[in-house]
Amino acid sequence: MEAATFTSATQIPTIGLYYSSPTSLCFSDSHSLQFLRRSSHKLKPSKGFSIRASSSVEDDSVVTLLDYGAGNVRSVRNAIRFLGFDIKDVQTPEDIMNAKRLIFPGVGAFAAAMDVLNKKGMAEVLCAYIKQDRPFLGICLGLQLLFESSEENGPVKGLGLIPGVVGRFDSSNGLRVPHIGWNALQIRKDSQILDDIESRHVYFVHSYRAMPSDDNKEWISSTCNYGENFIASVRRGNVQAVQFHPEKSGDVGLSILRRFLYQKCETTKKPPVQRKASKLAKRVIACLDVRTNDNGDLVVTKGDQYDVRENTEENEVRNLGKPVELAGQYYLDGADEVSFLNITGFRDFPLGDLPMLQVLRYTSENVFVPLTVGGGIRDFTDGTGRYYSSLEVASEYFRSGADKVSIGSDAVYAAEEYLKTGVKTGKSSLEQISRVYGNQAVVVSIDPRRVYLKDPNNVKFKAIRVRNPGPNGEEYVWYQCTVNGGREGRPIGAYELAKAVEELGAGEILLNCIDSDGQGKGFDIDLIKLISDAVSIPVIASSGAGAVEHFSDVFLETNASAALAAGIFHRNEVPVQSVKEHLSKEGIEVRM
Ligand code: 1PR
């Protein structure tokens, strides 16, 4: 279908941005600035900028948000505020009926969400609001709840407005579940909010989906293919819902939200662009290892095989920039995700590390792609004897703007225990967090080191023949997991760990390699192939990227879903965009 754009009278520009300070964004082009002045929109100094609704809709510059308190909707709030709207939270069922436009970003599990809606007397009112064809935008679970029921821990009855049952993706044929990443939409009918998408990718993260059928076809505005065609969005009149996350889909996502919020604008046709999204894209992730330097400043650092200190007399911590600033830059450069690893989190208590939480808060105000944070996620008792569960630590990270948390050392201990006893206690940080926030929100970061072997039978862990033999000609290795930033080797291999954490509830694996870290000689293809073939959750290849070809190598030779780099991006050796252009030229689908 053809795309549309806004007429000049109510034109809503595509906004170019640059960072002027760690916490603020500014318009980069005069057109956008002129637009702001012309339509008397205000700049909000503390939040970078904001567009007020234009005078014709000034009274409508409030969005009602149905946040039933089950999890993190901070990103949706940030995106709404970024677009210049104020938020009114639903406190009572009447607030739903009084809404001029309602956004429902469902989070958590289907059953828990229905339970809250029913208990608060909101389910019935929500149905009435939607049946009256009032402006509504459901996001993710906010789409699924419109259906009759879900198989998630069920069957569980939904709102019953759309015929169909929400079921789990079938992973028995090797499909990686959760479906995480940037995928293409097939637009099925006119859907005003999707008019700017054309053939560009949007961000999905979910394990359950609704399927198209004759009974619900009049609702479907787009589908997406992931192993099968599932419903990506629905529309009937003023009621819309999307399975993907517009608040995490970069500028495309913001334009979807903008179109929902500025409904009164007329549209005109826009010529189609050349971008072609057809399937799940391989992701390119920028990683920021963060720690406090010797002056007490939080800096982005970078290790050489995990040694982050300069090789000088002072031996100071390598300083490659400011976390918020760099994260913002990578977002503008086209990174598909940004990861923060608090690399000394294992010895500091993360909730005592307020600057890290502050970094997340500032970053999430202006960066609209997924943010992962890791480091120090574990149960902890502080100096006063107060106990904090790992779930509380993770919750604070989510509240501060993280979409996923990454667990390193604590996942190793949990996997060791599980392999020893064969019992899932449900008490590990991994199990607790994935139970509450879903496994798509939990990444396990593995820090393995090569241990060379002459004979693979000499070890009880999975050993493989590698293409680069060891210092004494050894042809085999096993990959020993480490904890505490590589300081301590543990009696478990990366292969055994990966399989165990998948069973314990990890939704994704961030696969580092200490030997390759910071070397710029390419990813450890043997390791990445081993792990990405062993598990059915997505694997992020990490450590060793030094040139664009290393990214194509890892995607062509392994089943990695994403590739992460740090040093080459921090030192401006290779921009994110060059990596993507190269991958695209090699026929590997990426989000452009
Ligand atoms: O164990 O739960 O507290 O988590 C600590 C986290 O911090 C883990 O995810 C661990 O990987 C990370 N970490 C700990 N120490 C270091 C260090 O470098 N001294 N960083 C560290 C790990 C590895 C990558 C790096 C890639 C790409 N950093 O994330 O960014 O190797 O680098 P490159 O492209 O420059 O080669 P816990």
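What follows is a working chat about a predicted model of a protein and its ligand.

User: OK, on to the ligand. Which residues come nearest to it?

Analyst: There are 24 residues around the ligand, and of these Lys302, Ser409, Asp447, Asp517 and Ser543 come nearest. By class, the shell is made of eight nonpolar, 12 polar and four charged residues.

User: Which polar atoms lie 2.7 Å from an oxygen atom of the ligand?

Analyst: One is a polar backbone atom of glycine 376, at 2.7 Å from a ligand oxygen, and another is a polar side-chain atom of serine 445, also listed at 2.7 Å from an oxygen atom of the ligand.

User: How much of the ligand does the protein bury?

Analyst: Taken alone, the ligand exposes 770 Å², and the protein buries 98% of that area. Strand E19 (283-292) and strand E33 (562-565) are the elements that give two or more residues to the shell around the ligand.

User: You listed Ser543 among the nearest residues. Where is serine 543 placed?

Analyst: Serine 543 is in the loop between strand E32 (539-542) and helix H15 (548-557). Its phi is positive, about 85°, although it is not a glycine.

User: Which other residue has a positive phi without being a glycine?

Analyst: Aspartate 133 has a phi near 60°, and it lies in the loop between H5 and strand E7 (136-140). Aspartate 133 is partly exposed, with a relative accessible area of 33%.

User: Changing topic, which residues touch the most other members of the largest nonpolar core?

Analyst: That core has 169 residues, and those touching the most other members are Ile103, Leu126, Phe340, Tyr397, Ile509, Phe551 and Phe569. Helix H5 (residues 122-131) supplies the largest share of this core, namely seven residues. If residues up to four places away in sequence are not counted, the residues that isoleucine 103 touches include Val63, Leu66, Ile80, Leu137 and Phe260. A second, separate core has nine residues, among them Ile285, Cys287, Leu510 and Ala566.

User: What does histidine 570 touch, and where does it lie?

Analyst: Histidine 570 lies in helix H16 (residues 567-570) and is buried, with a relative accessible area of 8%. Beyond residues up to four places away in sequence, histidine 570 touches Cys287, Leu288, Val300, Thr301, Lys302, Leu320, Leu326 and Tyr330.

User: And glycine 374, what is it in contact with?

Analyst: Glycine 374, placed in strand E22 (residues 371-374), is buried at 0% relative accessibility. Leaving aside neighbours within four places in sequence, glycine 374 is in contact with Phe340, Leu341, Asn342 and Ser406. The C-alpha atoms of glycine 374 and serine 406 are separated by 4.3 Å, although these residues are 32 residues apart along the chain.

User: Last one, which residues does the cis peptide bond join?

Analyst: It joins valine 177 and proline 178, with omega about 10°, and proline 178 sits in the loop between strand E10 (162-168) and strand E11 (179-183).

How values were computed
Residues are numbered from 1 along each chain as its sequence is written. This is a predicted model: local features need pLDDT of at least 70, side-chain atom pairs count only at pLDDT 80 or more; totals for chains, interfaces and linings use all residues. Side-chain values use heavy atoms; hydrogens and water are left out. A residue is near a molecule or strand if one of its heavy atoms lies within 4 Å of it. A polar contact is a pair of N or O atoms within 3.5 Å; within protein, one must be able to donate a hydrogen and the other to accept it, and residues adjacent in sequence count only if both atoms are side-chain atoms. Accessible areas come from the Shrake-Rupley method with a 1.4 Å probe; for residues, only the protein chains shown count as cover. Helices (H or I, at least four residues) and strands (E, at least two) are DSSP runs, numbered from the N terminus. Ala, Val, Leu, Ile, Met, Phe, Trp, Tyr, Cys and Pro count as nonpolar, Asp, Glu, Lys and Arg as charged, and the others, Gly among them, as polar. A nonpolar core is a set of buried Ala, Val, Leu, Ile, Met, Phe, Trp, Tyr and Cys residues joined through side-chain atoms within 4.5 Å. Buried means under 20% relative accessible area, exposed over 50%, partly exposed in between (1.4 Å probe, protein chains only). Contact means heavy atoms within 4.5 Å.
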